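This report covers charged and aromatic side chains. The sequence and structure come before the details.

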Amino acid sequence: MPKRTRFMTWRTLATLAVAALMAAFLTPAAARAAVRESQPVYSYADAIREAVWVDTGLDSDGDGRTDRVAADIVRPAEPAREGRQVPVIMDASPYYSCCGRGNESQLKTYDAAGHVVQMPLFYDNYFVPRGYAFVGVDLAGTNRSDGCVDVGGRSDIQSAKAVIDWLNGRARAYTTRTGTTTVKAGWTNGRTGMIGKSWDGTIANGVAATGVKGLKTIVPISAISSWYDYYFAQGAPLYDSGPDWLSDYVDSPDARTRCAAVQQKLVDQAPRTGDWTGLWTERDYVKDAGRVRASVFLVHGMQDLNVRTKNFGQWWDALARNGVERKIWLSQTGHVDPFDFRRAAWVDTLHRWFDHELLGYDNGIDREPMADIERHPDQWATSTVWPPHGTEATTLRPATGATAGVGTLGLKRAAGTETFTDDPRLDESDWAARIDTATPEKAGFVTGPLTADLRLSGSSKVTVAATPTTTSAHLTAVLVDLGPDTVRDYAASGEGITTLTDRTCWGASSAGDSACFKETRAKTADVGFTVLSRGWADLGHYASARHGVPLTPGRTYTITLDLAATDHVVPAGHRLALIVAGTDRDLIDPPATTPTLALDLSRTSARVPFVGGAAAFAEATAGSAYSAPGSARPAPRTTAATPPAGVRDPSTVHRIP
């Protein structure tokens, strides 16, 4: 059965079943209202709190026993007493004891009997009174679970999948970590929605990619879709550490003594050369998008320099190719939860999403626009589908200008070369600030001031023909909106938000678990340019994204860089720039050598997804004083002494997924 048909059939049946059930208890008017929105009719204070340990079937720590992962449960008592089953919202995380969840770094806390008292975040406070169970799963090797953290591998994914299997009667769970008394999940109908930010959302992606039955929807927030693309960009290393460091960061103290073999595997099979290994194949969920049964509500910050937006772009495209029901929010923030940048709208939308997907309520959310996109701080627009209809990849061509290194960008192929020397001390903000100045570390190409707004929506590619002077080289390509704006300051410590002291409450509280959280507001910056999309690569991976080789100085190599997905409107009066350079300081690591590279402009181009395609670009650049190849550019409006400002150096961005 096609996915759309299956989705609509289930929704219709579930809606009828819920309506019939509620009509047995409520007046006709109340029953009709209940079908639209679940209400907080159950007692949070009297909710059942329990813990089970689910057998994963794996022995990742090699102790001769299959691993058991801890699942802490908060569920309403009334449905169980009445013989009614409830759906589950689940967050599987490595952070419940070591590092905390949410803007206030909340940890799980327990009473003397070992039952959870504080469950981080608002999900249990808000949804349990509305007839959902909430389950917080400790990944293997963390908190109260057996086994080892393997950073997105089989152990991590099985930690959560096994719990879904148990909720659906296919796996075994115990009342204690080492005991023999089993427990069944007769209180649930097995319909499960997974949610989580960063690593937690990554687990949701990975579990969905197994095709496990019973997982009805996932809500991945700032999540990874391929762990290779968290650590590398086409062979260029993004961080000075690998998954072994991250595993050690979250391992429980006893896991550190048991998991040396897993740690060593993470070292041996994740070489810093950027070559692809079997370890990365196991942690690539994109290749298994065809197995996804769950709907997907995806949220990501378009300026996320931790889990970079290639991760959401390639996942979204793969889901689309496989007909998966989906919805998306894209913010101007960095690595930030929507609860902290659009709280009221987020809680309402998430509530309606889970009501629709897990309770079957026909509340119309599936007929609303697919995408919400933040255009300016706290100003949102929608798209019926994303990317919008009429979006077409358009090939842009760089050309030389009147000054070396200060070129033009248009639709016509041009001859010529531009040369730059890698300078690892500089980054994308340095390059963009000096776009109208000939500087040795970059090659810049710019349109004239636009005469109409120009919208980019989706993922771009930049193909570069480069001749290096040394045996290694890293490349960066960025697209820049040149013009004044007020944006969220994604490079500040809050990555686009400021946390306040006032609190607002979202759900019911208990003595040990408050539903009241600190409010936030947008942290903004007035800028003269905005870097809107980025891509990086190791030139030695020109022939294969999976294996790099030393370069031959003086030989020309062609490589295509994948730029991060985005949705951005370049306003009329602004200019669009393409910059090609070497090391992007703090965003990729430098190569072993310091090369000078010559670009063959006749074989260098950018494929950019414009709404309206090439015609929209041509219209927006019509009449530009320097839109044609080789056209002389007017004197720059800024001097080298007073460059326009962007956000500050993003080196302070916290890089723990």
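## Salt bridges

R367 counts as exposed, at 55% relative accessibility; exposed means over 50% relative accessible area, buried under 20% and partly exposed in between (1.4 Å probe, protein chains only). This is a predicted model, in which local features need pLDDT of at least 70 and side-chain atom pairs count only at pLDDT 80 or more, while totals for chains, interfaces and linings use all residues. Residues are numbered from 1 along each chain as its sequence is written, and side-chain values use heavy atoms, with hydrogens and water left out.

R367 forms a salt bridge with D366, with 3.7 Å between the closest N and O atoms. A salt bridge here is a side-chain nitrogen of Lys or Arg within 4 Å of a carboxyl oxygen of Asp or Glu, and the structure holds 39 of them. Another joins D562 and K461, whose closest N and O atoms are 2.5 Å apart. That pair links distant parts of the chain, 101 residues apart: D562 is in strand 27 (residues 557-562) and K461 in strand 22 (residues 461-468). Helices (H or I, at least four residues) and strands (E, at least two) are DSSP runs, numbered from the N terminus. D562 is partly exposed at 23%, as is K461 at 41% relative accessible area.

D165 bridges to K161, the closest N and O atoms being 3.0 Å apart. The two are four residues apart in helix 5 (residues 154-167), so about one helical turn separates them. D165 is buried, at 10% relative accessibility. A network of salt bridges links D61, D63, R65, D146, R177, D254 and R258.

## A buried aspartate

D355, in helix 13 (residues 343-359), is buried yet has no salt bridge; R130, the nearest side chain of opposite charge, is 6.8 Å away. Lys and Arg count as positive and Asp and Glu as negative, with His and the chain ends not counted. D355 is in contact (heavy atoms within 4.5 Å) with residues including R36, E37 and Y132, leaving aside neighbours within four places in sequence.

## Aromatic pairs

The whole structure has 33 aromatic pairs. Rings of Phe, Tyr and Trp (its six-membered ring) pair if their centres lie within 6.5 Å; planes under 30 degrees apart count as stacked, over 60 as edge-to-face and the rest as tilted. The rings of F127 and F354 are edge-to-face, with centres 5.5 Å apart and planes at 80°. F127 lies in helix 4 (residues 123-127) and F354 in helix 13, so the pair ties together parts 227 residues apart in sequence. F127 is buried at 2% relative accessible area, and F354 at 0%.
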